[in-house]
Amino acid sequence: MLAYVLRRLWQMLPTMAGVVLLVFVLFNWVGGDPAYLLAGKMADTAAIENIRRQLGTDQPYYVQLWIFVQQIVSFDFGNAWSTGEPVADIITSRLGPSLTVLVPLTILETLFGIALALALAFVRGSLTDRAVMLACTVGMSISILVYISVFQYLFAYRLGLFPVQGWGESLGQNLLTYALLPIIIGLAVSIAPTLRLYRSFVLDEVGQDYVRTARAKGLSERRVLWVHVLRNAAIPIITHVMANLPALLIGAFLLERFFGIPGIGREVILAVERSDFPVIKAITVYVAAATMVFNLLADLLYRAVDPRVQFK
Amino acid sequence: MSQHTDLLQVRNLRVAFRTGKTSTVEALKGVSFDLPSDATVALVGESGSGKSVASLAVMGLLPAQTTLIDPASSIRFAGRELLGLPANERRALCGKDIAMIFQEPMSSLNPVFTAGFQIGEVLRRHMGMNARAARLRTLELLAEVGIPDPATKIDAYPSQMSGGQQQRVMIAMAIACEPKLLIADEPTTALDVTIQQQIMALIARLQQARRMAVLFITHDLGLVAEIADRVIVMRHGEVREEGAAAQVFGAPRDAYTRALLHCRPRLDARPLRLPVIDDYLADSTAPAPDLAQPQRVRGTTPGEQPLLVVNHLAKRFWLRDGLFRKRAFDAVQDVSFTLGRGKTLGVVGESGSGKTTVGLTLLRLHRASGGSALFEGRDLLALSERDYQPYKRRIQIIFQNPYASLNPRFTVGQILLEPMRIHRIGASDAERIGMARQLLARVGLPEAAYGRYPHEFSGGQRQRIAIARCLTLRPEILVCDESVSALDVSVQAQVLNLLQDLQDEYGMSYIFISHDLSVVKYISDQVMVMQAGRVVELADSDTLYRDPQHPYTRSLLAAIPKVG
Amino acid sequence: MSAHLDSAGLWTLAWRRLRADRIAMAALAVVAGFLLLVLLSGAGLIAADWEREVAVNYAPPTFLGADPGSRALAQAQLPRATLPNAFDPLAAELAELKAQVAATHPPREKRTTLPFGADKWGHDIVQKTIKGGQTSIVVGLVAALLAVTLGTLFGAVSGFHGGWVDDLFNWFYSVFTAIPAILMILAVAAVLQQKGVATIVLILGLTGWTGPYRLMRAEYIKHAAREYVMAADAIGASSLRRMFGHILPNVAHVALVQLSILTVGFIKAEVILSFLGFGVPVGTVSWGSMLNEAQNELILGKWWQMAAAAGAMATLVTAFSLFADALRDALDPKIK
């Protein structure tokens with residue numbers, strides 16, 4: 001096991017290097033010189049030179065790259081160009097609100113998804129199955145923007161069941177009042193694609209030979225699905241959830257923007273609007289690193305849970 | 001057989017499957033048979049005969065949505081009518097009174113549960129045992145089916161066991177609740193021939209000890225000669241013959257049964273031409289032609305210049321092991337042989353022996369790790385890609401799986417034209433098309449086949465197309481890699497006859513790779529036995545079969561089921 | 001041998017299966033309808049003058065009836081004769097210009113209702129939806145085509161050859177997939193200052209190749225080990241011939257299904273991008289820009305722009321998705 005982990009970590013290095021290189025090429029080379037942008041209108045040459053020196057963009061590329069790598073390793077990107085807040089502080093402070101919405105959302109989404117997928121497998125091929133699948137397709141074709149706008153308008157603005165926007169101080173307050181509507185909307189939007197995916201995992205298993213054996217043993221259909229099939233289908237489901245966790249951080253950006261939740265996703269949008277390169281670079285690099293680590297964790301989990309792989 | 005001793009009575013079973021909105025396909029066309037309670041009954045049929053469908057119908061495992069069972073059908077088990085029982089009552093019978101084991105033990109066991117859990121499940125469900133009692137009983141069962149070291153294996157996962165052990169676990173699961181009827185659907189087909197023998201013996205022993213009925217389903221009539229009390233022969237969804245084993249094997253009444261018995265190559269005779277099904281179906285009184293026909297003489301001719309000389313052929317695969325290391329896996333080690341012109345070398349071995357790798361390496365589909373293959377004085381394995389290109393015409397291969405060796409998107413015509421175009425055979429496309437059509441006729445396919453797609457043909461026909469494809473190049477050496485193993489017995493005989501005719505006509509040399517010893521003896525002049533990548537014995541075929549030297553060869557020959 | 005009247009290849013068989021599926025045919029009809037609208041709109045035959053302000057601001061749909069005060073508003077927006085101003089040095093010239101304009105472009109009274117209402121400036125929602133659809137659909141299709149082409153090419157080379165080529169492409173793949181797609185798109189959008197339809201297409205296409213790459217690579221690895229490819233090697237077919245003459249016809253259907261799935265995904269992505277302001281430039285209308293405007297209108301109770309954009313998009317995406325599912329089943333039928 002240790003050998004496997006070490007080998008995977010070793011293999012991650014070129015990928016991480018690639019990500020750093022890609023971000024660098026994008027922002028330091030293609031992105032061009034932000035000095036003009038930041039200097040404002042009618043700045044003189046001296047001010048622009050000053051800014052360049054501060055940012056370090058007057059240095060040759062390899063020096064800039066080295067500075068970038070140092071920043072990544074030391075977790076110090078200096079200050080955001082637009083707000084002056086230290087980038088590191090921005091990231092750490094925004095993580096909390098994002099997770100307050102994402103953790104309950106992921107848990108609920110996975111549980112609902114599994115339960116519904118198994119229930120559908122029970123009635124596979126029937127009219128109910130096809131009707132639900134059709135409903136999923138229609139649900140997925142409505143843009144998330146519509147869901148957010150309509151839900152926000154109806155439940156928060158008109159009916160007043162939830163606050164329209166905002167964020168509080170304590171975890172409890174956030175969880176129980178501010179995060180509720182975003183979580184509900186997140187569930188409504190994600191249940192359709194999740195159900196489709198989990199259903200395909202479950203159906204793949206239901207077609208296997210061991211299910212026929214389980215029936216031949218006289219087990220009830222319920223036991224066949226909930227014990228035999230679930231245990232097998234759980235493997236791709238869990239690894240899928242694990243591997244996608246970092247992407248969720250960003251994926252919630254629309255919810256965060258609409259509801260004024262000070263999370264990572266919203267931060268990215270703001271940074272893009274303001275061309276705040278350090279923030280975007282830092283978030284990109286760390287999210288990429290998190291994605292790779294979580295992929296490794298997902299793989300380890302998969303190996304721990306699937307006997308076929310363990311004992312090869 | 002008197003009615004009141006029969007455990008299972010099937011009457012007029014008619015099963016059809018829905019294949020589209022309006023179309024159906026009839027799998028069973030009114031099948032009737034009886035199963036006595038303390039006997040082994042063999043249900044024999046080739047692919048498409050409906051034998052598996054019949055057994056699944058008895059168990060109630062056919063997919064409910066697409067299956068149509070005629071209401072006039074009847075399946076009575078111990079006096080109870082099964083069709084029409086509510087689903088949960090039907091399901092309650094499974095595993096308890098009727099149990100079933102399947103062909104592929106690896107995929108039929110749940111990979112994420114231990115053997116002990118899966119066996120215990122049946123005990124807990126039907127016998128109401130608690131976990132402790134179930135575990136004790138499971139240990140007893142594992143010992144009974146011959147699993148070595150049951151105390152460890154009870155907590156092992158299926159992927160940690162060999163094919164034979166997995167099948168034993170399946171059997172333990174099936175007999176756990178003392179069923180009255182055990183249905184075994186091709187339980188040994190996926191296993192090596194030596195393991196096959198052991199499993200068959202196990203099933204026979206269990207049947208006697210527990211006095212249960214065993215329905216043994218197989219495509220190989222010869223396999224069940226030693227264990228069957230009664231035999232039922234099916235073809236195309238109908239029962240062709242039913243009777244005591246001695247009668248069916250000794251004096252079969254139905255022409256199809258006789259064809260099945262005689263189409264297999266025998267170990268004690270080598271007729272010039274194998275009888276095929278059509279011989280029997282056309283003339284139902286034709287006698288067993290084996291000994292009446294002139295026999296073909298096979299063997300190496302001393303002093304003859306060999307066509308191909310292979311020396312110390314080796315193939316090593318590298319597998320990852322640990323952090324940075326790689327482990328070597330020697331699939332083929334130190335294989336040497338010679339091949340005469342117009343002669344056949346049979347290569348025999350079980351799975352993992354490396355016989356297929358030898359064939360693929362000779363054709364440079366794998367890169368050899370060592371050794372040489374001298375053909376007309378040049379080492380084929382040492383040539384560059386470009387130098388080797390013209391030799392591709394002269395040595396060709398026919399693969400095992402007829403469903404995978406033809407490109408599904410090409411028509412037969414395209415398949416045949418391609419090699420001719422690549423090697424620029426024939427002056428124009430028109431000439432090539434003419435040659436292709438001639439070859440189709442030569443291998444026994446109709447002219448209309450030219451414009452059809454592979455999926456419209458049966459397995460045997462596809463192998464003929466593959467043979468025709470090789471023939472376009474007029475090779476001198478043809479490697480047949482398990483080329484008839486995936487075919488039904490009746491079709492096998494046709495393809496073997498075709499190969500033999502082509503060898504007579506064109507003087508091709510064959511390297512015939514197979515695990516089937518009877519077929520190899522029939523078609524080979526020399527036989528090479530392989531085990532774990534090495535050559536264990538190499539001799540003229542008659543000599544080898546009559547007087548095997550190596551203990552492995554002896555055990556292989558001893559495992560061949562004897563008929564009659 | 002089975003008796004067939006004519007021999008059918010994969011596509012003919014798939015088409016027959018599709019034809020028998022009524023839902024798939026209905027979905028195809030809807031998609032075809034949208035594509036026709038796109039063509040007509042692109043050629044300028046319809047919705048060409050969506051920018052004309054033909055109605056009063058926020059004119060409601062005809063089926064709802066006009067606002068009570070809008071008649072007066074329409075009247076008020078007609079150019080009125082102004083009292084002559086003695087101190088204006090250009091008065092004579094202006095009067096002449098006004099007369100000229102009035103001659104060639106007679107002032108039309110603004111309408112109080114439109115079939116599906118108007119937006120803040122009085123543009124016809126129906127025309128906007130069609131024009132916006134053209135933008136969104138074209139972006140989605142072209143970007144998907146780019147992504148699938150790149151992914152198939154890379155996947156073919158990678159899966160077939162293995163070795164260092166495979167390692168190289170895998171490295172690219174892991175680098176690109178380490179960054180979540182949305183983040184990647186936003187980052188590139190942040191860096192590329194100029195906006196435009198071509199930019200979005202490039203962004204989506206150059207970040208979206210990873211999905212098709214993984215699938216096509218897996219297919220190529222699977223098929224390269226199949227016996228019909230080994231047989232092609234044995235008869236002397238070259239690598240190129242094996243990759244694109246033998247294997248590609250067997251995996252093209254996977255690429256086709258990917259194309260339809262990606263088109264749907266990219267249409268949705270473009271909508272979100274345009275909504276955020278990182279997509280189409282100002283002046284170009286797309287369903288995303290419409291939803292952007294509609295967001296504020298919802299508070300005022302003007303729901304028709306949102307309904308039009310969302311409804312059109314939902315209809316197309318549903319139809320496309322249903323058709324993609326049916327296409328996949330027709331090309332590769334499995335017993336359910």
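A residue counts as buried if 20 or more other C-beta atoms lie within 10 Å of its own. The legends below describe close-up views of a predicted model.

**Figure 1. Helix 12 of chain B and its buried residues.** The buried residues are Lys355(B), Thr356(B), Thr357(B), Val358(B), Gly359(B), Leu360(B), Thr361(B) and Leu362(B). Just after this helix, Arg364(B) adopts a positive phi of about 60 degrees.

**Figure 2. An open sheet of 6 strands in chain B.** The strands follow the order 17-18-19-14-20-21, with mixed pairing. Strand 17 (395-398) and strand 21 (534-540) of chain B are the edge strands, each of which pairs on one side only. On average, neighbouring strands of the sheet are turned by 15 degrees against each other, direction ignored. Within the sheet, strand 14 (residues 344-348) and strand 19 (residues 509-514) of chain B pair in the parallel sense, over 5 bridges. Val348(B) is placed opposite Ser514(B) of strand 19.

**Figure 3. The hairpin of strand 10 and strand 11 of chain B.** Strand 10 (residues 230-235) and strand 11 (residues 238-244) of chain B are joined in the antiparallel sense by 6 bridges. Val233(B) has Glu241(B), in strand 11, as its bridge partner. There are 2 residues between the strands of this hairpin, and His236(B) takes a positive phi near 50 degrees.

**Figure 4. The crossing of helix 1 of chain A and helix 6 of chain C.** Two packed helices are described by the angle between their axes and the distance between the axes. Here, the axes of helix 1 (residues 2-30) of chain A and helix 6 (residues 163-178) of chain C come within 9 Å and cross at roughly 65 degrees. The crossing is right-handed. From helix 1 of chain A, the residues Pro14(A), Thr15(A), Gly18(A), Val19(A) and Leu22(A) take part, and they meet Trp171(C), Ser174(C), Val175(C) and Ala178(C) of helix 6 of chain C. By class, this contact comprises 6 nonpolar residues, 3 polar residues and no charged residues.

**Figure 5. The side of chain B that touches chain A.** In this interface, 28 residues of chain B are in contact with 23 residues of chain A. Helix 2 (87-93), helix 3 (105-108) and helix 4 (115-127) of chain B are the elements that give two or more residues to this side of chain B. The largest share, 4 residues, comes from helix 4 of chain B. Classified by residue type, this side of chain B has 14 nonpolar, 9 polar and 5 charged residues.

**Figure 6. Glu273(A) in helix 13 of chain A.** Helix 13 of chain A covers residues 264-273 and contains Glu273(A). Glu273(A) is partly exposed because 14 other C-beta atoms lie within 10 Å, a count between the limit of 12 or fewer for exposed residues and that of 20 or more for buried ones. Between Glu273(A) and Pro97(A), the separation is 176 residues in sequence and 21 Å in space, C-alpha to C-alpha.

**Figure 7. Confidence along chain C.** The average pLDDT of chain C is 83, and 88% of the residues score at least 70. Confidence in chain C is lowest in helix 3 (residues 70-76), at a mean of 63, and highest in helix 5 (residues 125-161), at 93. The pLDDT is below 50 over residues 1-5 of chain C, a stretch with 4 contacts in the model beyond near neighbours in sequence. The model has an ipTM of 0.81 and a pTM of 0.83.

Note on methods
Residues are numbered from 1 along each chain as its sequence is written. Chains are lettered from A and ligands numbered from 1 in the order in which they are written. This is a predicted model: local features need pLDDT of at least 70, side-chain atom pairs count only at pLDDT 80 or more; totals for chains, interfaces and linings use all residues. Axes are lines fitted to C-alpha atoms, for helices over the stretch in contact, and angles run from 0 to 180 degrees between N-to-C directions. A crossing is left-handed if the near helix is turned anticlockwise from the far one by less than a right angle, and right-handed if clockwise. Two residues are in contact if their C-beta atoms, placed from the backbone, lie within 7 Å. Ala, Val, Leu, Ile, Met, Phe, Trp, Tyr, Cys and Pro count as nonpolar, Asp, Glu, Lys and Arg as charged, and the others, Gly among them, as polar. Two strands pair if DSSP finds at least two bridges between them. pLDDT is the predictor's confidence in each residue, from 0 to 100.
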